[in-house]
Amino acid sequence: MKISTRQLLFFLACVAPVGKLILLPARLADAAQNDLLFPLLAHYLLQAGAVFLALLLARREESFTELLAHAFGRTGAAILSVLFALFLLFASLLPLLEQKLFVQNVFYDTLPAFIVYAPFFLFTAYVASKPLSSYGRVWDILAPLFLVGLAGILILSVGSSDFGAVAPAGAAGGSGFLKGVSSAFSWFFDAALLLPLLGKFRYTKGLAWKGALCYLAGGAAVIFFTAVFYGIFQGTAVNQLFGFTVTSKYFPGIAMLGRVDYLFIFLLALVMAFYNSMALQGSVECMLQAFGRKKYLPTVLSVIVSAGMLTAVTLLDRGFSDVLLGVGKWAFWIFPLFSVVVPALMLPLGRKRREAP
Amino acid sequence: MKNVAGDLNKTKEALKKLLPAEDILTFGFTSARGMEFCCVFADPITDKELLGEQVIRALSDYDGEAKAEEVAKKLTSPETKTEPSLEALADEVLLGNPVLLFAGMDAAVVVGTKKIFTRAISEPSTDVAVKGPREGFIEDFKTNTSLVRRRFKTGDLRIETSEVGKRSKTVVAVCYLDGIAPASAVEEVKKKLQEIEIDYIPDSSYLTHFLSSRPYSLVKQVGTTEKPDIFCAKLAEGRIGLLVDGSPIALTVPYLLIEDFQSSEDYFVPAYRATFTRLLRLFALIVAIYLPAFYIAAQLFKLQLFPIKLLLTISGSIRDIPFSPSLEMLLVLLVLEVLNEASIRMPKYVGMALSVVGALVLGETAVSAGFVSTPAIIIIAFSGIGLYAVPNLIEQTSVLRLAMLLIAGSVGTYGIILATAFIILYLVTTENFGTPLVAPYAPVVGSDLRDSLIKYNLGSLKQRPKTLRSPNRRRLA
């Protein structure tokens with residue numbers, strides 16, 4: 001089973017954006033002094049470039065570890081793969097904490113016990129035990145769900161938004177822009193998610209361009225949503241932590257129909273469950289490439305990884321804002337290092353020699 | 001393997017030794033010229049009238065040689081063959097075909113005078129069509145194959161029979177259209193049938209276990225139908241069908257989940273109507289599985305999901321209920337399942353009484369006694385009706401509904417979402433005979449979407465489904 005070009009493009013356009021719709025708008029509003037669109041655009045442009053590079057790597061039709069092995073040998077490649085797997089686990093931590101906060105606040109009237117979030121790790125263990133290529137078919141299902149979910153939310157929200165509040169864009173100046181950019185790095189590592197998929201899809205003509213453009217199309221949807229979000233909440237956007245769950249509640253029909261917007265929120269939450277499990281599965285895949293695919297190893301590794309992340313999320317349950325600020329301040333460079341620099345550095349690796357005629 | 005001997009008595013005894021059952025009878029007679037014959041037959045399944053007419057009367061003045069070929073020519077039965085092996089002869093007797101032995105024989109003659117017990121061809125109760133053919137398969141294998149053969153007047157229709165079941169030796173026919181069904185899938189079906197080691201096959205449903213790639217899965221992996229028109233339509237798409245002797249339910253592989261949202265009538269009504277009803281079936285199924293679960297999750301964890309006026313109505317009706325919402329819903333669901341089970345098995349004349357007991361005593365009285373609330377009854381009733389919109393998936397969906405209810409009662413809406421994610425992943429990773437279960441949606445197969453939940457006009461369905469990998473894709477010029 002190989003991932004098709006269409007499935008990959010569905011992921012970039014319709015699944016990757018979902019992780020940027022919860023805390024990111026409020027976080028950007030805070031860090032970028034309410035001038036949140038330009039930092040978002042900058043991240044999308046940078047990450048689209050990284051996606052372009054990561055997809056170019058697929059031309060070699062080799063896995064991530066095989067590509068590394070050309071330059072560093074089998075042992076070196078295995079070590080680097082494990083290092084990359086650790087990065088993916090680190091990168092998944094904030095989205096998992098964010099999702100936990102989202103689940104506890106949006107799906108329950110009163111703050112429930114932490115245990116309600118624990119079944120998610122059963123799910124990740126199950127997902128990670130499956131071949132990574134099975135995601136392709138999942139994306140086929142998720143893409144329309146995401147489109148319906150986001151379109152529903154936007155239709156219900158857009159009438160309440162005052163787009164005049166977004167202008168003049170760029171008013172916060174260079175410092176606002178830079179603060180905004182540095183605070184949002186932890187949300188942008190989608191190119192890194194593509195690296196474990198190398199070898200599981202075929203490079204077709206123009207895939208890199210198509211991928212980057214689809215990623216930008218998803219980014220356009222996120223930027224539009226962020227504009228709608230800011231247009232609704234304006235100065236209080238900083239306090240609206242759960243982006244797409246709060247914008248639609250001012251729709252006039254809600255009073256009569258109840259929170260029908262929850263149907264769309266549920267759809268996006270479903271897409272998010274898969275999106276947030278990707279880093280974990282990518283990490284398991286990298287470790288499998290490093291250690292070799294033994295009979296029960298995928299299941300064992302997926303259980304270990306999921307249990308480890310459950311423990312980490314439990315330990316950091318109350319320290320989410322500290323972690324978020326700390327990563328934004330001290331460790332933000334790790335994200336572009338692995339998601340932008342690594343694909344760029346890997347481009348010259350293992351280049352096939354031109355065969356003599 | 002022993003063969004028949006020239007000595008009639010010795011052969012008869014050897015055959016009786018192989019078939020010691022009391023209902024295996026022998027009948028000896030002598031022709032006018034003094035040649036001795038003996039018929040060995042299974043009493044309950046042999047047509048003795050035909051045997052007398054086509055064998056005994058025909059041989060009454062036999063004066064030819066004691067050779068099986070010669071004797072067979074004298075018989076007036078259209079189905080005869082010669083067989084020297086005793087074991088094969090024993091098998092034929094057990095199939096209902098009498099074996100004719102005679103003095104000095106080189107082989108015995110097998111005569112096809114099997115007694116056929118059939119019921120009349122009728123419309124299957126599970127697949128009623130307002131428009132379109134109303135014939136249904138019955139238990140008789142030959143009738144079923146004739147229903148299929150009648151619809152395909154081409155030599156490309158292959159009906160290849162084999163025996164499955166060490167003791168039942170049930171006849172199973174693999175039906176396909178040569179050049180339309182993919183050869184690899186046909187071979188795989190035959191291989192799987194050959195590998196079955198079981199004593200007894202009472203019904204085609206037994207075979208589904210052996211044909212499934214995940215035999216213990218909740219998810220169905222083999223298509224079923226009771227209607228020959230549907231069966232033939234599936235063969236024409238490139239599927240492989242299986243008819244099992246004694247079963248009115250035919251099997252088809254590869255199976256796609258979407259098949260159960262399509263009905264034969266969809267092809268006899270305008271495309272827009274077919275599309276509407278297919279979407280309606282999907283909606284009904286989603287409602288059937290999720291409505292009770294979301295109702296419970298909303299009551300227990302997220303009251304905001306209800307509009308305020310509905311919330312007031314619900315809170316008024318559940319105020320005095322002694323059970324928790326999830327327990328209340330589980331009880332109502334349990335009652336529905338019991339009523340459902342009882343109504344299927346109960347004699348028809350008791351059905352009316354059961355309806356009265358179910359609707360009035362259990363429903364009305366339970367609400368007025370304050371055991372259960374009216375909304376719970378309405379929700380379960382709606383869910384119960386929704387389940388029957390897709391009758392072929394009832395076994396699966398009723399289990400899923402219960403599972404969702406339990407998850408909703410313990411984890412709430414997020415549990416429902418995670419369970420849905422599990423189901424999606426499980427479904428998309430299920431394949432049988434190399435065909436993804438959820439195609440043409442995952443993976444998306446653009447051309448096959450024309451006959452999925454959305455149905456195009458017949459003129460647009462020029463090609464067979466790509467998912468089925470038919471070597472000849474064009475079906476409409």
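Predicted model: local features only at pLDDT ≥ 70, side-chain atom pairs only at ≥ 80, totals over all residues.

**Notes on the two-chain model**

1. Let me begin with Q234(A), which counts as partly exposed because it has 15 C-beta neighbours inside 10 Å. Q234(A) sits in the loop of chain A that runs between α9 (207-233) and α10 (243-246). Its phi is near 45°, a positive value in a residue other than glycine. As background, most residues other than glycine have a negative phi.

2. You will find E61(A) in the loop between α3 and α4 (64-106) of chain A. E61(A) is partly exposed because 13 other C-beta atoms lie within 10 Å.

3. The bond from V253(B) to P254(B) is cis, with omega near -10°, and P254(B) belongs to the loop between β10 (250-253) and α9 (271-300) of chain B. A cis peptide bond also joins A442(B) and P443(B), with omega about 5°. P443(B) is placed in the segment after β12 (435-436) of chain B. For context, most peptide bonds are trans.

4. Now to helix packing in chain A. Helix α3 (residues 37-56) and helix α15 (residues 334-346) of chain A pack at an angle of about 35°, their axes 9 Å apart. The crossing of α3(A) past α15(A) is left-handed. On the α3(A) side the contact involves L46(A), Q47(A), A50(A), L53(A) and A54(A), which meet S339(A), V340(A), P343(A) and A344(A) of α15(A). By type, the residues of this contact are seven nonpolar, two polar and no charged.

5. Which residues have the most contacts inside the largest nonpolar core? They are V15(A), L142(A), L268(A) and V271(A), in a core of 210 residues. Helix α12 (residues 261-291) of chain A gives the most to this core, with 21 residues. Chain B takes part as well: at least three residues of the core come from each of domain 2 (141-255) and domain 3 (271-432) of that chain. In soluble globular proteins, nonpolar side chains tend to be buried together.

6. Leaving aside neighbours within four places in sequence, V15(A) is in contact with F10(A), W139(A), L142(A), F146(A), V271(A), F274(A) and Y275(A).

7. On the contact between the chains, 27 residues of chain B are in contact with 29 residues of chain A. What gives the most to the side of chain B that touches chain A? Helix α15 (residues 413-428) of chain B does, with eleven residues. The residues on that side of chain B divide into 20 nonpolar, six polar and one charged.

8. D178(B) lies in the loop between β7 (170-177) and α6 (183-195) of chain B. Is D178(B) buried or partly exposed? D178(B) counts as partly exposed, because it has 14 C-beta neighbours inside 10 Å. Not counting residues up to four places away in sequence, D178(B) touches D156(B) and R158(B). From D178(B) to R214(B), 36 residues apart along the chain, the C-alpha atoms are separated by 28 Å.

9. Two loop residues complete the list. M346(B), between α11 (325-345) and α12 (348-368) of chain B, is partly exposed because 13 other C-beta atoms lie within 10 Å. M346(B) touches G351(B) and L354(B), residues up to four places away in sequence not being counted. L111(A), in the loop between α4 and α5 (119-129) of chain A, is exposed, with 9 other C-beta atoms within 10 Å. L111(A) and P25(A) are 86 residues apart in sequence and 23 Å apart in space, C-alpha to C-alpha.

Methods
Residues numbered from 1 in each chain as written. Chains lettered and ligands numbered in written order. Axes fitted to C-alpha atoms, helices over the stretch in contact; angles between N-to-C directions. Helix = DSSP H or I, 4+ residues; strand = E, 2+ residues; numbered from the N terminus. Left-handed = near helix turned anticlockwise from the far one by under 90°. Contact = placed C-beta atoms within 7 Å. Nonpolar A, V, L, I, M, F, W, Y, C, P; charged D, E, K, R; others polar. Core = buried A, V, L, I, M, F, W, Y, C linked by C-beta atoms within 7 Å. Buried ≥ 20, exposed ≤ 12 C-beta atoms within 10 Å, placed from the backbone. Domains from an automatic or database assignment.
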